[in-house]
Amino acid sequence: MRLRNSPVAVKFVTNTTKECKRTLFERLQKLNFDIHEDEIFTSLTAARNLVEQKRVRPLLLVDDSALEDFEGVITSDPNAVVVGLAPQHFNYDTMNKAFRLILNGAPLIAIHKARYYKKMDGLSLGPGPFITGLEYAADVKATVVGKPETPFFCEALRSIGCQPEEAVMIGDDVRDDVGGAQSAGMLGILVKTGKYRLGDESKIIPAPYLTCDGFPQAVDYILRNMLQNPLN
């Protein structure tokens, strides 16, 4: 990675809840990513941190492969609801159980509220529509811990000793990646890969700082134009 040869700190931030951090790291290594596990900051980590801060026992609506990141957390007799991407749990009985817990005062914690995500066969519903359904039915607002929330970005930046105005976010999600980063005080570069759809550039205000065809082009721009000049 050319960024390794530059004076730039790198952090990989993700909303993925379909696998634990360890599995994600191993998958990225197999794809020949030059990455260290401590450079990954996930919304699962942020959710666990909040659960521990609140000292609650969550009903975990997350993919089974993500449960490792909640190892040691007490989940018996739940008094909170934590929702991530968990298609196998988005059925009437499970959602109704979550609904009843929330009605009885359990806080609703959304790992993220992505509207959709990219699968091999196309775009698919994310956890956002299901979380919004629980909010509507129980007349509550979820606490969102992942992107695009400002605390998520700030927590990731603190781990590398960086201020928002010194940072650039590269992502394919115009709202959660770019819009969230820019709301936190960073610059956002939108890439036309993954979940990008034609016209996404016009869906947020302010618009992305820059739009590139892909990640390599975004890195090229940063290395050529932003290291010599302070970020504005």
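K195 and D173 form a salt bridge in this predicted model, with N and O 2.7 Å apart. K195 sits in the loop between β10 (187–191) and β11 (210–212) and D173 in the loop between β9 (168–171) and α6 (174–183), so the bridge ties together parts 22 residues apart in sequence. Both K195 and D173 are buried.

**Other salt bridges**

- The whole structure contains 10 salt bridges.
- R22 pairs with E68 at 2.8 Å, N to O. Because R22 belongs to helix α1 (residues 21–30) and E68 to the loop between β3 (58–61) and β4, this pair joins parts 46 residues apart in sequence.
- R22 is partly exposed, with a relative accessible area of 34%, and E68 is partly exposed, also with 34%.
- A network of salt bridges links R22, E26 and E68.
- E19 bridges to R27, with the closest N and O atoms 2.5 Å apart. E19 is buried at 8% relative accessibility, whereas R27 is partly exposed at 35%.

**Nonpolar core**

- The largest nonpolar core has 28 residues, of which F70, I111 and M186 touch the most other members.
- At least two residues of this core come from each of α2 (43–54), β4 (80–83) and α5 (150–158); α2 gives the largest share, 5 residues.
- Beyond its neighbours within four places in sequence, F70 contacts L44, A47, R48, L60 and I111.

**Surroundings of T14**

- T14 lies in strand β1 (residues 12–14) and is buried, at 18% relative accessibility.
- A polar atom of the T14 side chain is 3.0 Å from the backbone nitrogen of T16.
- Not counting residues up to four places away in sequence, T14 touches L24, I40, F41, T42, S43, K147 and F152.

Conventions
Residues are numbered from 1 along each chain as its sequence is written. This is a predicted model: local features need pLDDT of at least 70, side-chain atom pairs count only at pLDDT 80 or more; totals for chains, interfaces and linings use all residues. Side-chain values use heavy atoms; hydrogens and water are left out. Helices (H or I, at least four residues) and strands (E, at least two) are DSSP runs, numbered from the N terminus. Buried means under 20% relative accessible area, exposed over 50%, partly exposed in between (1.4 Å probe, protein chains only). A polar contact is a pair of N or O atoms within 3.5 Å; within protein, one must be able to donate a hydrogen and the other to accept it, and residues adjacent in sequence count only if both atoms are side-chain atoms. Contact means heavy atoms within 4.5 Å. A nonpolar core is a set of buried Ala, Val, Leu, Ile, Met, Phe, Trp, Tyr and Cys residues joined through side-chain atoms within 4.5 Å. A salt bridge is a side-chain nitrogen of Lys or Arg within 4 Å of a carboxyl oxygen of Asp or Glu.
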